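User: Could you walk me through this structure, starting with its aromatic rings?
Analyst: Gladly; here it is.

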Amino acid sequence: MKHCLLAFLLLAFFTTANAQQLDSLPAAKPAKKDWSKIDLSQRSADHLMIQFGYAGWAKVPDTINIGGFSRTFNIYFFFDFPFKLNPRFSVGLGAGYGSDNIFFKKTLVDIKSGSAVTIRKDTITQYKKLKLQTGYLEIPLELRYSTNPENMNKGFKMALGVKVGLLVDGKVKAKIDRDAQGNSGYIYKEKETKYFQNSRVAAHLRVGYGNVTVFGQYTLTNYFKEGTGPAVKPWSIGLTLSGL
């Protein structure tokens with residue numbers, strides 16, 4: 001009986017020691033994912049991008065009263081090119097249309113008369129609404145990063161890029177309650193592009209999750225041609241809807 005008890009104690013001792021030794025061994029590291037071999041067959045086929053947000057001007061003179069909800073609306077179709085060795089990164093190249101609507105309060109905006117644009121305070125005419133609209137055909141280029149390249153509808157994503165645009169539209173539209181001559185209740189429209197820059201270059205950044213990202217954009221070129229208007233530079237912030 002004593003021998004059986006001794007054998008049992010020795011077996012328990014060595015079993016416990018062995019278990020402690022195994023517990024002290026470092027845990028095996030998970031195998032590193034080979035991004036070059038992931039399956040992209042389920043990658044989002046959504047190449048459409050829609051942006052909507054608030055627009056403004058940098059370096060606005062005191063003589064200009066921007067007011068109301070100035071806004072931007074952009075729509076693009078993209079081609080996406082993932083990096084072969086690491087498809088978390090990709091390059092996006094697209095084409096589309098970008099527009100800005102800048103609203104004013106108690107301000108005269110004349111883009112057609114004279115030898116330059118006139119934007120100045122106007123406390124006589126009563127405007128119900130006044131906006132300056134521009135539109136561009138654009139080519140955006142982005143460097144992208146996604147934590148879930150197999151399903152671009154999920155995961156954190158970020159994109160940094162530039163947009164090059166060609167001016168195709170420039171106009172003023174106003175709803176006037178009463179003008180200086182006493183005329184009231186009419187809509188005034190003026191279309192002209194000669195004083196605007198024919199092209200623009202803008203830098204932009206997108207950050208978000210899944211199909212929704214927040215974007216910011218700043219135009220690197222002046223809005224008007226030199227000497228024909230204030231040296232303002234448009235900017236915008238807002239939301240992007242896309243699977244890219």
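**Aromatic rings and the strands around them**

Analyst: There are 13 aromatic pairs, where rings of Phe, Tyr and Trp (its six-membered ring) pair if their centres lie within 6.5 Å, with planes under 30 degrees apart counting as stacked, over 60 as edge-to-face and the rest as tilted. Phe77 and Phe79 are edge-to-face, because their planes stand at 85° with the ring centres 5.5 Å apart. Please keep in mind that this is a predicted model, in which local features need pLDDT of at least 70 and side-chain atom pairs count only at pLDDT 80 or more, while totals for chains, interfaces and linings use all residues. Residues are numbered from 1 along each chain as its sequence is written, and side-chain values use heavy atoms, with hydrogens and water left out.

User: Are Phe77 and Phe79 buried, exposed or partly exposed?
Analyst: Phe77 is partly exposed at 43% relative accessibility, and Phe79 is partly exposed too, at 49%; buried means under 20% relative accessible area, exposed over 50%, and partly exposed in between, with a 1.4 Å probe and protein chains only.

User: Which other pair is edge-to-face?
Analyst: One of them is Phe196 with Tyr223, whose centres are 5.4 Å apart with 85° between the planes. This pair links distant parts of the chain, 27 residues apart: Phe196 is in the loop between β8 (184–191) and β9 (199–209), and Tyr223 is in the loop between β10 (212–219) and β11 (233–241). Phe196 is buried at a relative accessible area of 1%, and Tyr223 is buried at 2%. Both belong to one aromatic cluster, together with Trp57, Phe104 and Phe224.

User: Which charged residues sit over rings?
Analyst: Among them are Arg144, which lies over the face of Phe78 at 4.6 Å from the ring centre, and Arg200, whose charged end is 4.0 Å from the centre of the Tyr136 ring. A charge sits over a ring if NZ of Lys or CZ of Arg is within 6 Å of the ring centre and within 35 degrees of the ring normal.

User: Which strands does β6 pair with?
Analyst: Strand β6 (residues 126–146) pairs antiparallel with β3 (residues 89–103) over 13 bridges, and 20 bridges join β6 to β7 (residues 156–178), again antiparallel; two strands pair if DSSP finds at least two bridges between them. Phe89 stands opposite Tyr145 in β6, and Leu141 stands opposite Val162 in β7.

User: And what does His204 touch?
Analyst: Leaving aside neighbours within four places in sequence, His204 is in contact (heavy atoms within 4.5 Å) with residues including Leu141, Glu142, Val162 and Gln217. His204 is found in strand β9 and is buried, at 3% relative accessible area.

User: What joins the side chains of His204 and Glu142?
Analyst: A polar contact of 3.0 Å joins them; the term covers a pair of N or O atoms within 3.5 Å, where within protein one must be able to donate a hydrogen and the other to accept it, and residues adjacent in sequence count only if both atoms are side-chain atoms.

Methods:
Helices (H or I, at least four residues) and strands (E, at least two) are DSSP runs, numbered from the N terminus.
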